[in-house]
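Trainee: I am new to this structure. Please take me through a close look at a single part.

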Amino acid sequence: MKILLLLTITICCTSLSYGQEVKTERAYGAVLSSRDGHKGQFVWKMKKVDEVVVKTEDVSTSKVSTDDWMPAIVPGTVLNSLVYNGVYPEPYYGLNNKLESNLIPDLYHAGRDFYTYWFRTEFKTPSRSYKGKKTWLQVDGINYRAEVWLNGNMVGNIAGMFYQDHIDITDYIHLDKSNVLAVKVYPVDVPGTVKPKGRKAIGALNDEFQNGGNGEIGKNVTQLMTVGWDFTFLDGIRDRNTGIWKDISIYTTGNVTLRHPFIKSDLSKPAYNQSRQTISVEIINPNADWTTHDLTIEGRIEEGDITFEKKVRLIRGQQKEILFTPEEFPQLVIDNPRLWWPINKGNQELYHLTLKVKDNKSGNVLDSISTRFGIREITSSTDTPDQSRTFYVNGKPIFIKGTNWLPENMLRNSNDRTYAELRYTAQSGINLIRLWGGGITESDYFFQLCDELGIMVWAEFWMTGDTKHPSDKNIYYSNVASTVKRIRNHPSLAYYVSSNESTEMGETERLIQQLDGTRGYQMQSECCGVHDGSPYKQVNIMRHYENTASDRGSRIDGFNPEYGAPSLPTVECLREMMDEEDLWPINKEVWDYSDGNGFHLMSTLYADMVNEYGESDNIDDFAKKGQLVGAFNYKSIWEVWNYNKLNYGDRYTSGFLFWYHNSPIRQVCARMWDWSLEPTAGLYAAQNACEPLHPQFDFLKNTISVVNDYYRVFTNYKVTAEVYDLNSKKVLSKEAIVNLPEDGVHENIFKIDFPSDITNVHFIKLRLLDDKGKEIGSNFYWRSNSKYEGKNTLTGPTTAGFQDLSKLKEVQLKVNYKTFEENNCYFVEIDVINRSRGIAFFTQLQFLDEKDKPIRPSFYTDNFFSLLPGEKKSIIIETNNGKLPEKRKLVVKGWNIKKQIYSLE
């Protein structure tokens with residue numbers, strides 16, 4: 001009988017918000033996402049295992065009713081579903097999650113059985129689509145162990161959070177009837193707990209919090225941060241994220257299947273004008289019969305219409321890796337390839353490969369898979385002035401403007417959330433994301449977007465210096481192998497690192513090189529030309545300029561894997577994470593709990609710095625001023641690293657990774673955006689500081705420099721500086737012609753000598769004009785006359801003495817706007833014009849619903865900006881049309897700006 005497969009021969013796509021498409025290797029008959037929580041097509045139920053008192057074999061049959069089971073969120077975790085069903089309160093609110101609150105049982109204390117659950121759903125396999133075919137169940141990720149049962153048969157066992165399995169269920173499905181799938185999910189083997197007082201945590205310094213608890217969770221291959229860390233809840237997530245946390249899908253093939261295609265590109269040096277592709281793919285005969293299969297594997301690279309094929313013979317149960325080399329297939333040599341580059345360095349060029357296997361007798365296609373790849377070379381070297389690690393892309397050095405990515409702490413993930421966070425990331429100008437070792441390896445869609453946005457990825461493999469190492473080596477290595485095979489085709493994947501601040505499992509490097517071999521590797525995050533991190537907490541902002549922000553010594557040098565500061569969320573976000581009575585006056589216990597027990601000093605030093613803008617008597621005023629501190633944190637950090645990039649500035653630096661990137665929970669110590677995906681002023685400060693052509697001011701030297709992030713020289717440009725006093729009077733202006741070196745810095749072009757009688761608070765406006773007089777970069781600062789008296793003081797022109805800002809005269813802005821819809825998106829185009837005689841300071845635009853709640857996520861091209869008299873700024877706000885409320889409004893407000901509200905109905 002001829003087998004007709006309903007498979008495409010191009011990359012399969014699923015539509016998503018904002019016109020995005022999720023690309024997959026193959027066409028799936030079904031993705032079993034739940035109706036609850038994900039608006040999927042399948043009804044999932046769950047029940048605690050010890051409450052299902054029947055034969056295990058019967059759970060996946062119609063003999064067992066699920067009428068008394070509760071709805072389950074899949075993908076998701078046990079605790080996600082329990083909170084969804086109202087069994088336990090929202091963990092991210094107030095002190096609900098705190099261990100001492102005793103509101104949510106903790107896995108360590110309640111015991112492993114407490115969070116061991118059955119998950120069950122049903123699906124159909126109609127004859128027209130499944131008869132005569134091999135049917136596969138693809139399980140992308142379960143934490144931690146699982147038995148997979150189908151129609152009364154155990155069809156699979158899974159161990160380890162990051163293992164992807166393909167289970168042959170052909171013999172167990174019921175054609176034209178409902179199939180019952182039941183998954184018995186067990187928590188991690190060793191949950192660990194908070195570190196007992198008086199004992200030193202594994203790997204932690206004496207003055208740091210007890211990250212990783214007692215270290216025991218490290219014996220598992222899992223998301224280690226769920227036991228507790230200082231960037232989240234220090235006492236952890238109560239179920240340690242037990243559950244089916246990634247998709248389960250169904251697909252069909254013929255008698256053989258293809259899996260794990262891989263493309264290696266070898267570029268010629270030094271011209272990088274020729275690429276030799278080596279392509280491999282696994283082919284599997286899962287059948288128990290003795291039929292010998294004579295097959296042909298055909299491949300096609302869409303760009304250039306490059307085709308190749310090879311004949312293969314498979315016997316019973318055989319699995320082979322088939323190789324196509326440029327020596328055997330000269331057409332795999334591509335002249336003048338379209339190279340993939342990171343953001344600001346060039347285009348993100350991608351190629352499309354399709355592989356299919358045909359039966360030689362019938363000519364039928366038995367399976368087909370597709371993937372994308374990019375042609376590029378990413379290397380690194382410690383042959384630098386200070387032996388720090390410097391990265392190179394296609395032979396050119398690249399200064400790393402990186403960050404440390406943290407996953408949503410309860411794995412309440414979605415493609416929409418991934419898209420929003422990565423779009424914000426690209427907007428900020430970041431060019432590398434580190435997947436921190438205590439987190440997770442992110443989704444295929446995450447890597448897809450990084451490929452498209454030009455964001456490189458540094459991947460770590462679930463070990464830290466604060467926790468023990470996995471006790472089952474086989475589980476660890478199988479999870480590593482599964483992960484490497486899943487992500488290795490992505491050109492954004494730049495570097496492998498075994499662990500965070502630890503060592504490695506003995507065979508990890510050999511295994512990764514065997515499976516990939518095209519990327520660099522190092523044992524842990526602080527070795528091989530990468531020094532230890534810090535600072536992490538709020539500090540006097542002047543300390544960044546003088547390179548004293550860390551008490552461990554100089555940290556703006558070489559390659560720093562963790563350097564950062566916090567930002568207060570907007571007041572709307574703060575109101576979503578605790579009761580009003582805890583917001584103001586600040587309830588230190590509640591604020592500190594979401595701040596890693598006060599680790600980032602939000603209720604102490606950060607609050608003191610906010611008060612330097614004037615004492616507040618309500619949370620709205622405090623939160624408004626808090627945005628100024630957060631913006632200064634971000635701008636100062638990015639700009640001091642800009643100044644010292646590569647061979648420029650005061651010392652050699654090859655890059656740094658901001659600590660940390662995204663909020664894993666609702667917390668008062670937010671970053672460029674809050675957990676709710678509401679940006680802080682920090683996003684727009686970073687976006688400005690990381691613009692590819694950027695003028696900047698040094699608050700210690702009082703000098704102006706210009707940064708060039710492009711791989712080209714710019715000549716005959718002009719930089720201008722203007723200083724305005726508190727009355728918006730221009731008191732000083734300077735300009736100079738500059739020539740910008742390729743990917744370099746024109747340092748200390750001139751110095752600003754501030755008049756001795758200037759007002760206590762004043763403003764600096766910088767502009768960069770091209771050789772035709774067009775503005776292509778700008779900057780705006782507020783500065784005080786406070787004299788900096790040392791790192792342990794609350795002094796300095798970035799930090800103290802801003803109380804007089806309250807004396808700024810009120811201004812009213814002219815606002816023009818229009819709305820339109822395109823590609824499932826809603827846009828608001830806004831022109832903001834300052835026709836007054838005064839500076840419009842720290843202007844904020846808000847896109848709100850009728851209850852004054854921000855419409856999220858929305859993407860503003862800029863926000864929290866200031867306008868000089870006569871200045872105009874154009875802003876575009878974009879959001880998903882499907883999430884648009886019927887009633888909505890645009891709000892324009894600011895520090896000294898008359899609030900205006902416009903209905904957008």
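Trainee: Is asparagine 285 buried or exposed?

Mentor: This is a predicted model, so keep that in mind throughout. Asparagine 285 is buried. Its relative accessible area is 1%, and buried means under 20%. Now place the residue in the chain. Asparagine 285 sits in the loop between β14 (274–284) and β15 (293–301). Next, look at what surrounds asparagine 285. Set aside its neighbours within four places in sequence. Asparagine 285 is then in contact with Asn255, Val256, Thr291, His293, Leu314, Ile315, Arg316, Gly317 and Gln318.

Start with a sheet. Four strands form an open sheet, ordered β3-β12-β7-β10, with antiparallel pairing. β3 (30–31) and β10 (165–168) are the edge strands. Each has a single partner strand, so one side of each lacks a neighbour in the sheet. β3 is joined to β12 (residues 248–253) by two bridges, and these strands run antiparallel. Alanine 30 has isoleucine 250 of β12 as its bridge partner.

Then turn to a helix pair. The axes of α7 (residues 473–487) and α8 (residues 508–515) come within 10 Å and cross at roughly 30°. That angle makes α7 roughly parallel to α8. Their crossing is right-handed. From α7, the contact uses Tyr476, Tyr477, Val480, Ala481, Val484 and Lys485. From α8, Thr508, Leu511, Ile512 and Leu515 take part. The residues of this contact divide into eight nonpolar, one polar and one charged.

Definitions and conventions. Residues numbered from 1 in each chain as written. Predicted model: local features only at pLDDT ≥ 70, side-chain atom pairs only at ≥ 80, totals over all residues. Heavy atoms only, no water. Pairing = 2+ DSSP bridges. Axes fitted to C-alpha atoms, helices over the stretch in contact; angles between N-to-C directions. Parallel < 35°, antiparallel > 145°, perpendicular 65-115°, else oblique. Left-handed = near helix turned anticlockwise from the far one by under 90°. Contact = heavy atoms within 4.5 Å. Nonpolar A, V, L, I, M, F, W, Y, C, P; charged D, E, K, R; others polar. Buried < 20%, exposed > 50% of the residue type's maximum accessible area, 1.4 Å probe, protein only.
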